[in-house]
Amino acid sequence: MGFRCGIVGLPNVGKSTLFNALTETAAAQAANYPFCTIEPNVGRVAVPDPRLDKIREIASSAQEIETQIEFVDIAGLVRGASMGEGLGNQFLANIREVDAIVHVLRCFEGGDVTHVEGRVDPVADAETVETELMLADLDSLERRVPNLVKKAQQGDKEAKVEASVLGQALELLRASKPARLVVPKDLEEHKALQRAQLLTAKPVLYVCNVHEADAAEGNPLSERVFAKAKAEGAKAVVISAAIEAEIATLPSEERDLFLADLGLHETGLNRMIHAAYELLGLITFYTAGPKEARAWTVHKGAKAPEAAGEIHTDFERGFIRAETIAYDDFVKLGGEARARDAGKLRSEGKDYVVQDGDVMLFRFNV
């Protein structure tokens, strides 16, 4: 399972520069004027994973296959997008298709890049975009909720669930708060909220685009964004899109030295992925054999048959058991055979909840 993050923000905050760097392509045209990105560009990148490197080494696998993340560079939004201003309708439609929103904010002063509103205030920029998303959701729910309430009063059980959870979302939006603050009381309400595809129900990762000199520690502008993220249960990371663009042009063996010179331990891509995984509640499990070592992604709380289904639907349908080794045991003991001898290979059934780092072999019969 991969997941899809939409890169959004006001025009000229560095979205396309970041997208180009992350995907190491020139698919998105970065230029100093609004709407240089007209159609959403999509780039799929491998998730860097040192644990997979180690598993491949121990298992003597011929190749390794990382899990992947998809980034969608979405056209810049302007004030009035919820009413169709600029590329508003297209912008909103594209956001509905992503799992999470990566909101790029300009956190640097000066330079020759024109800010669409003539000032640098990342929190105000974030609120401009959020307001447009809330207005779009509000318009949608004010038309939908009354009909759901009527159906619920007539005994429609599904409508009753939807009316309850979407009614909560509507009240939040009327109070100028995003729908992601809704707390579903059970799984049915959670699914109903997901089906509604509300723009403000999607998790948000704020990306503070700073000058190169501030890439390691951030600056007062990015500190304000982090405070906002903390207050609303979102995530934030500091990235210099310019640095990421430069790293993308370097041979892999030179990147670590370049980062070290800047006081950085990892690329902005890695920080974004780690934050996105945490935001979406994702974990990684592994399979390993002579042909390949491979990383797979599931949501926290997924049970063994669901993980098996990520590999093939037949694995889930005919699931018998999962032979499982914790990553630390796999590495410490030097692979499957020694882990088995040491009693660290466990036979887990259908109710086993997959743990991050599990190395798994599925037994099935179809």
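1. Ground rules. The model is predicted, so local features need pLDDT of at least 70 and side-chain atom pairs count only at pLDDT 80 or more, while totals for chains, interfaces and linings use all residues. Residues are numbered from 1 along each chain as its sequence is written, and side-chain values use heavy atoms, with hydrogens and water left out.

2. A pocket here is an open set of points on a 1 Å grid over the protein atoms alone, where a 1.4 Å probe fits, with protein on both sides within 12 Å along at least five of seven lines.

3. Helix 6 (187-195) and helix 10 (268-280) are the elements giving two or more residues, and helix 6 gives the most, with three. Helices are DSSP runs of H or I, at least four residues, and strands are E runs of at least two, numbered from the N terminus.

4. By class, that lining has 16 nonpolar, six polar and four charged residues. Ala, Val, Leu, Ile, Met, Phe, Trp, Tyr, Cys and Pro count as nonpolar; Asp, Glu, Lys and Arg as charged; the others, Gly among them, as polar.

5. Of its 20 lining residues, P48, R255, T267, L269 and N270 sit closest to the centre. Helix 9 supplies the largest share, four residues. The classes are ten nonpolar, four polar and six charged.

Conventions: On a 1 Å grid over the protein atoms alone, a cavity is a set of points where a 1.4 Å probe fits but cannot get out, and a pocket is an open set with protein on both sides within 12 Å along at least five of seven lines; lining residues have an atom within 4 Å of a point.
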